[in-house]
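I opened this notebook to record, entry by entry, what I looked up in one structure. I kept each entry to whole sentences.

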Amino acid sequence: MIRCLLCFAVLLMGLGKAAAQQHIQLLNKGWQFAEQGSRQWRPASVPGTVHTDLMKQQVIPDPYYRSNEKAVQWVDDKNWVYKTQFASSTAQRNHQHTDLVFDGLDTYADVYLNGQLLLQANNMFRQWRIPVKHLLKANNELRIVFHSAKKQVAAFAKADSPLVIPAENPRVYARKAQYHFGWDWGPTFVTAGIWKNVYLDSYNQPAAEKPFHNPRKIELVQEPDSIGKSFYFKIDGQPVYMKGANYIPSDMFLPRLTKNDYRQILMAAKNANMNMLRIWGGGVYETEDFYDLCDSLDIYVWQDFMFAGGMVPLDEAFFLNVKEEVIQQVKRLRHHKSIIVWCGNNEVEEAWHNWGWQNQFNLHGQDSAKVWHAYKRLFKDSIPAWLQQYDGTRPYVSTSPMHGWGRAASITEGDSHYWGIWWGMQEIEMFEKKTGRFVSEYGMMAMPNMNTTASVTLPQDRYLYSDVLKTHQKHPTGFQNMNGYLHQYFMDSARIKHLSLEQYTYLTQCLQYYAFKNSIAIHRSKYPVNMGTLLWQLNDCWPVASWAITDYSRQPKAAWYAVKEAYRDDVLPQRDAVRPKALQLSKPSYTLQWKNADTLLLKSSVSAKYVYLHVPGINLQLSDNYFDLQPGETKVISIKGLPVSQRKALRIWSLYDVVHQ
């Protein structure tokens, strides 16, 4: 016993000595910001973004509210300056080394310490570490000039002219979250700022790199068979059917996301019986909190590198910048057991072969060859070599999907993004013929929850196709496509224009419920030919009409309840026998009985379809919603968040109430 105590004491002394050899000084306090050229300095938050700082100072309105997105576009065109003062102690300066460390700068940033230029950052995804011991004083000034990423990429594109790197705008030049430049579910806010921690790291000797060991054996099995080629994951020797969703960033202004936000979003995935999320390549490599939660919740992660829907610039500086990004991120993330596959990019190779880019951007002959060579060098040659060096334990696929959805091979091999349903306006039943080996994208759009829409609109905005509503619909034919599917499955299109916004919201969510329930049922019926179904998408980054099954409020849409049932392990989902449009519906009357403070017993006089419980202005937590109810059946519903005084405000709708208005 005495020997053990002595050993423990020695260990503590060793730990104390090691701790004394390093000193971290966080520099997140005391920041100010101003537009470049202005002397009007305002308080700033770090981590943060210029948009959220401007909001806090009431310089701009909430960019999500009504049509304010248009009113704040000027922010993207400006350069912004951030500064702070900090003291450094003699003891700190006595360390052999002191580095200034930025865990994240967004994106084009010139960093000055005591008037001396230290760094010209150009990558949102990299950590920047600069030795500064020789520059430190008792009192110091740190100043950062953020250049407009929007103007920077435009200048890069102009310099390459007449050669055009294919994408819908020059965003591909920036190593920055691509969705900041706009997407078909997101606004355009080209952010800037110190988006992660900044600190001084003082030490006498560099810390040893953390040993890496992957506790899992991971295999991606792609073997020829009678159909084409398999595509499935083995974890520790066992084939796993993947049920999940695609994940996009959960806000446009990333620093305001908290661990609790991530917990809420990931619990929505776990509670919907998902076992995989695909981190989509147009966003960001997520936070440690995100991956820690995935590790603890046993959610597998398909990790894209941050490239989506565009080719890559040809210059060597861009390539080397990406190399450092990839190495840093792989070394940071490889310790997370949840990550089971790396993927080079989202839809870039499909686009090159199928979207007509060569004609659209006049890329022929040598120009076309140069652009393809840059793509091949990065995604087919270099990234797999870097992964082998810095990980070597996980499979890699160069692009997702392997083939475009219009190609026959997309059904017989590789992963599949099947958008014949939605983009191609095909019937949902087309999945009977078009289910791929691993369906990594597919979806159906619906409106956000009515309470979410109400939170960013005024009463006069809340009618179909209002200008404000169009601001929160980013797909060019979004309303048209939803209405086309509503006509096929729920209601003649001539009647849709007479719906209130609340009725339209309900009906599009019923459509999304029906689409995901039946799509998943078909996919799972194809097992083991099909070994995965990842719907597009789990979440939203702002209040918007989208394919998400939870909206920006983090509340479930109707489809979340469908997915929860369809992804159960104990029961295989069954397809609906007929379309809702063909149902003979009767007007239900309901009997309600409160069993206790948060348990409701509900009965219906007749068969009721898509029974929906809600209270305007209150986000309820319900054990089930949008369910079918047979006459005489007692449905037990747990309802949290509804005060007793508000029970009379509880409203119950069914499909009859909308289609037979």
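The entries below go through a helix, a sheet and a helix pair.

**Ground rules.** I am working with a predicted model, in which local features need pLDDT of at least 70, side-chain atom pairs count only at pLDDT 80 or more, and totals for chains, interfaces and linings use all residues. Residues are numbered from 1 along each chain as its sequence is written, and side-chain values use heavy atoms, with hydrogens and water left out.

**Helix α7.** I looked up α7 (residues 259–271) and found 13 residues reaching 18 Å from the first C-alpha to the last, close to the 18 Å expected at 1.5 Å a residue; the expected span is 1.5 Å times one less than the number of residues. Helices (H or I, at least four residues) and strands (E, at least two) are DSSP runs, numbered from the N terminus. Which residues of α7 are buried? I noted D261, Y262, I265, L266, A268 and A269, where buried means under 20% relative accessible area, exposed over 50%, and partly exposed in between (1.4 Å probe, protein chains only). Seen down the axis of α7, these buried residues fall within an arc of 145 degrees, so they line one face of the helix; the arc is that of the directions from the helix axis to the C-beta atoms. They pack against β16 (242–247), β17 (276–279), α8 (288–297) and α20 (558–566), contact meaning heavy atoms within 4.5 Å. After α7 comes N273, with a positive phi near 65 degrees.

**The sheet.** I then traced an open sheet of 4 strands in the order β24-β25-β29-β27, with antiparallel pairing; two strands pair if DSSP finds at least two bridges between them. β24 (590–596) and β27 (621–622) stand at the edges with a single partner strand each, so one side of each is left without a neighbour in the sheet. β24 and β25 are joined by 6 bridges and form a hairpin with 2 residues between them. Between β25 (residues 599–604) and β29 (residues 635–640) I recorded 4 bridges, with L602 opposite K635.

In a regular strand the side chains alternate between the two faces of the sheet.

Last, I looked up α9 (residues 316–333) and α12 (residues 365–390), which pack at an angle of about 35 degrees with their axes 10 Å apart. Axes are lines fitted to C-alpha atoms, for helices over the stretch in contact, and angles run from 0 to 180 degrees between N-to-C directions. The contact includes F319 and V326 of α9 and L378 and W386 of α12.
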